[in-house]
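The following note sets out numbered points on the sheet and the charged side chains. Please read them alongside the model.

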Amino acid sequence: MIVPQFWAEGRIQERVAGKQVTVRRFGWSDDSPLAAQAHADQRTREAFDRIVSGEKLERRERKLAYNGANGMPIREEIVERQGDSIVTRNGYGARCLNTPDVLFVDVDFESQGSRGSARGLTVIGAAFIGALVAGYATRSAMAGVAAFMLVAAFGFWRAHKEGLPAVEDKSDPLAGARARVERFIHQHPDWHLRLYRTPAGLRVLAMHDVFAPSDAAVTDVFQTLGADKVYARMCRNQNCFRARLSAKPWRVGIGEHLKPQPGVWPVSPDRLPARDAWVARYEKAAEGYAACQYLGSVGNTLKVHMNALVVQELHDERTRANSGLPLA
């Protein structure tokens with residue numbers, strides 16, 4: 001996990017074979033702005049040389065907070081450091097906890113039903129196409145019906161085998177998520193998991209051990225619990241785990257029309273006063289809300305890793321997980 005303090009952008013513009021070539025790359029450092037600029041210049045020169053030699057590379061990197069490109073670290077303002085964990089402010093203003101080895105699983109209820117519905121529509125569509133092809137080829141309506149039933153049966157069987165919902169789940173999403181957690185704990189009784197309700201889903205924190213995002217055990221728990229795919233990809237790309245600590249601004253009455261939002265860090269010096277005023281207004285509005293609510297623990301609750309305990313205490317305090325405040 002890399003969350004740099006300083007950022008810079010390098011730029012090289014030269015004529016090559018009669019054409020002007022401009023290449024830009026970002027650089028970063030925890031030491032100083034000068035070190036960040038040196039890193040940016042080095043990356044720019046390396047990219048320029050590869051591009052003019054014929055390699056197909058983007059000439060300019062996009063300014064994204066995280067998960068934007070391979071090798072690009074998290075680009076957010078550092079608010080607080082606690083050991084190996086770093087609290088940052090994301091692009092829309094919320095504070096986020098980033099930790100290299102304490103496992104958080106983010107389960108988004110909103111995506112569960114939509115994934116099931118989409119899978120079901122895919123199966124039905126494939127079955128319909130199969131029916132048309134079979135019916136046309138044999139000039140037989142019965143053959144078309146048989147093909148439809150066979151393709152549909154196979155598609156729903158595969159969905160079941162892969163543990164994917166084929167139809168939209170209308171049941172209580174929290175109950176469904178907790179049932180998946182219980183099944184996981186039944187298979188892994190040595191695990192200790194803390195459960196938290198978030199405004200749109202379930203957050204799971206592993207307490208018994210530490211993990212690397214690339215571990216097979218992490219992939220397994222993500223798949224079994226139905227982790228949000230964007231979150232899972234972010235963990236792999238950024239080599240960290242992440243949890244939002246404060247409310248989303250639009251849930252506490254601060255809409256997009258109240259500019260400027262913090263944006264991708266760093267912002268230009270002329271924008272800092274307006275940004276600071278926005279952050280102060282947001283923090284005051286967020287005081288009356290919790291980012292998540294503690295629901296309880298499952299598994300071997302006597303097994304606690306010290307690193308996980310430190311992160312859990314920081315997380316619960318900053319999210320107000322035991323405050324009883326409304327979620328946002």
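1. A residue is called buried under 20% relative accessible area, exposed over 50%, and partly exposed in between, using a 1.4 Å probe and protein chains only. By that criterion Asp-316 counts as buried because its relative accessibility is 9%, and Arg-194 counts as buried at 11%.

2. The model is predicted: local features need pLDDT of at least 70, side-chain atom pairs count only at pLDDT 80 or more, and totals for chains, interfaces and linings use all residues. Residues are numbered from 1 along each chain as its sequence is written, and side-chain values use heavy atoms, with hydrogens and water left out.

3. An open sheet is formed by four strands in the order 6-8-7-10, with antiparallel pairing. Strands (E, at least two residues) and helices (H or I, at least four) are DSSP runs numbered from the N terminus; two strands pair if DSSP finds at least two bridges between them. Strand 6 (104-108) and strand 10 (293-299) are the edges, each pairing on one side only. From one strand to the next the twist averages 20°, where axes are lines fitted to C-alpha atoms, for helices over the stretch in contact, and angles run from 0 to 180 degrees between N-to-C directions.

4. Helix 5 (residues 216-225) lies across strand 6 and strand 8 (201-206), at about 25° to strand 6. Contact here means heavy atoms within 4.5 Å.

5. Strand 7 (residues 192-198) and strand 10 run antiparallel and are joined by six bridges. Arg-194 has Ser-297 in strand 10 as its bridge partner. The side chain of Arg-194 also meets that of Asp-316 in a salt bridge (2.8 Å, N to O), a salt bridge being a side-chain nitrogen of Lys or Arg within 4 Å of a carboxyl oxygen of Asp or Glu. This pair links strand 7 to helix 8 (residues 306-319) across 122 residues.

6. How many salt bridges does a search of the whole structure find? The search finds 15. Among them, Arg-43 meets Glu-61 at 2.8 Å, N to O; Arg-43 lies in helix 1 and Glu-61 in the loop between helix 1 and strand 3 (77-82), 18 residues apart. Arg-43 counts as buried at 18%, as does Glu-61 at 14%.

7. Arg-45 and Glu-14 form a salt bridge of 3.0 Å, N to O, joining helix 1 (residues 33-52) to strand 1 (residues 6-16). Arg-45 is partly exposed at 34%, and Glu-14 is partly exposed at 32%.

8. A network of salt bridges links Glu-77, Arg-89, Arg-95, Arg-275 and Glu-283.
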